[in-house]
Amino acid sequence: MRWIVRAFGLLLLAVVLVAGVFLLLPGDKIAKVAASQLSSWTGREVTMSGETTLSFYPILGVSTGAVTVANAEWSDGPPMFRAESLKIGVEPQVLWGGDIRITGLEAVGPVINLEKAADGRVNWELNVEGVAPSGQAGEGTAPEQPDGMARSDRLALTLDRALVQDATFLYTDHGTGERTEMRGMAFDFRWPEYEGRATFDMTLRPAGEAVRIEGYLDRVGEFIDGAVSDVKATVSTKGGEATFLGRASAAPELQGRVTAAVSDTRAFMASLGLPAADIPAGLGRSVNGETLVTYSADQRLSLREAALQLDGNRIGGAADVELGGERPVVSAQINAGALDLTGMESESGGEASAGRASVAADRGWSTEPIDASALGLANGEIALTAESVDLGDLKVGTVRSMITLDRSRLVFDLREVRAYNALITGNFVVNNRSGLSVGGDLKAAGIDMERFLTDAAGITRFSGEADASLSFLGVGASQQAIMESLSGKGAFQTGRGVISGFDLDKLMRSGVATGGTTIFDTMGATFTME
């Protein structure tokens, strides 16, 4: 027993001496040792400057001044990573083994500089040996269970809280010349239990305006191992917010419901760094609604049970998007009720619009090039139905159409359009396969001329039914070129009708032009465009 006590005493003395020596090391010496070790692990020079302090109780941790990680040898840019200060805390039991529990990670003013060379090399590929991309051990290192069954090592890590403030992200592609820069970012991440929930709260600035992304991921350990886990993410910007609530895996796969409450679509898209499209009134300047989203490992995106309110218009439908090919392929069905697009007419009316039209008339057709390259971004078919469409001056009933986009050729196939008792059919084509061209071939049967002319031109004297046709083609890369090349023809033919307000026969016989009516059996006209 005496020898046992003496051995224990010697061991305790040795531990105290080693700890004492380590505690007496100056901060700069600790920083040099840590930087040297990190340099050997990463294959990049790591430097730590400023005051470095070490704590052992109650938290084992280190606090440094400025930290930098050198860039790749082929880059002449700034360091790949630098920060004004860095703090890391872990629970003391890491000294004698067990899972790594990080109690705190804080970085102030970090700058992350990612680069891609013209030959495809990237500067974030570090020389870290023995570490698999997932953070687990590489192949052939999985230990065996007592029964001889192999198992994968889990990532021995948790994180009570990671806090990043005033971060800057830079990305440069030297092959394409693309450069992305985001400043003023913040990140708050908490993951206290390996098998538990992780929460995140980020602020990004892809276009200057703050974009907040917050939410959670359940059962993180299972997610890392490839299982499906519950997830929620909300994106909030100046223009509104969108939320995904469902399940996801690292495959990647996900399924859940997306809800949106966007009061200003233009501002929402601009905050995300997307093109701020000029959306016509009634077609989504504000968006509210939800849809069920599924994304599978074969890169197929599906939207089901869509119910959206675009301004005051309600639409529903479903869509499938295949993303695995040369370009996305879209298949969609859009169903709308009564569409109110009168806002589009109000924007084009009034004195201001008249003034703009006068200036445009003085200048002639625009010579600005028309960029139709977006027609080559995807292929697809979209079936569109609507109960009615109110355009203000013009009223349209049932609409059934098919929109087809195939290799930069867009076709609007009007299968059924009911308006003013008429059936309108035909197509309108925009083709950008070998230069831009626009054309159409339309037919209308049984138009109620009295109602149509009243709405379209304020003419109330003419009544009867008419059939009409129109075909046209224009080629060119600008409005001026299209109009100068425009060619086509048109015709209309009526049956029996009446012109009220004057008697044409009486006018020809006696010169009296007022009163009476003129009845005719048929009337027709043709015209050409060249």
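Is T265 buried or exposed? Some notes from going through the model follow.

1. Before the details: this is a predicted model, where local features need pLDDT of at least 70 and side-chain atom pairs count only at pLDDT 80 or more, while totals for chains, interfaces and linings use all residues. Residues are numbered from 1 along each chain as its sequence is written, and side-chain values use heavy atoms, with hydrogens and water left out.

2. Back to T265. This residue counts as buried, at 10% relative accessibility (buried means under 20% relative accessible area, exposed over 50%, partly exposed in between, with a 1.4 Å probe and protein chains only). T265 sits in helix 4, residues 265-271 (helices are DSSP runs of H or I, at least four residues, and strands are runs of E, at least two, both numbered from the N terminus). Setting aside neighbours within four places in sequence, T265 touches I279, G284, R285, S286 and V287 (contact means heavy atoms within 4.5 Å).

3. Next, the pairing around strand 27 (residues 465-475). Strand 25 (residues 437-448) runs antiparallel to strand 27, with ten bridges joining them (two strands pair if DSSP finds at least two bridges between them). In that pairing, G439 stands opposite L473 of strand 27. Strand 27 is also joined to strand 28 (residues 487-494) by eight bridges, again antiparallel, and A466 has T494 of strand 28 as its bridge partner.

4. There is also an open sheet of three strands, in the order 26-29-30, with antiparallel pairing. Strand 26 (462-463) and strand 30 (517-520) are the edges, each with a single partner strand, so one side of each has no neighbour in the sheet. Strand 29 (residues 497-500) is held to strand 30 by four antiparallel bridges, and V498 is partnered with I519 in strand 30.

5. Helix 7 (residues 449-457) is worth a look at both ends. At its start, a side-chain oxygen of D448 comes to within 3.2 Å of the backbone nitrogen of E450. After helix 7 comes G458, with a positive phi near 70 degrees.

6. On charges, the whole structure has 23 salt bridges (a side-chain nitrogen of Lys or Arg within 4 Å of a carboxyl oxygen of Asp or Glu). In one of them, R121 and D119 have their closest N and O atoms 2.9 Å apart; R121 is partly exposed at 43% and D119 is exposed at 54%. D188 pairs with R190 at 3.6 Å between the closest N and O atoms, and here D188 is buried at 17% while R190 is partly exposed at 36%.

7. E222 and R219 also meet in a salt bridge, 3.5 Å from N to O. E222 is partly exposed at 33% relative accessibility, and R219 is partly exposed too, with a relative accessible area of 25%. Both belong to a network of salt bridges that links R219, E222, D230 and R247.

8. Last, a nonpolar patch on the surface: L504, L507 and M508 together have about 280 Å² of accessible area (areas come from the Shrake-Rupley method with a 1.4 Å probe, and for residues only the protein chains shown count as cover). Patches are made of residues with over 30% relative accessible area and no salt bridge, joining like charges within 9 Å and nonpolar side chains (Val, Leu, Ile, Met, Phe, Trp, Tyr) within 5 Å. M508 belongs to helix 9, residues 504-510, and is exposed, at 67% relative accessible area.

Key: A polar contact is a pair of N or O atoms within 3.5 Å; within protein, one must be able to donate a hydrogen and the other to accept it, and residues adjacent in sequence count only if both atoms are side-chain atoms.
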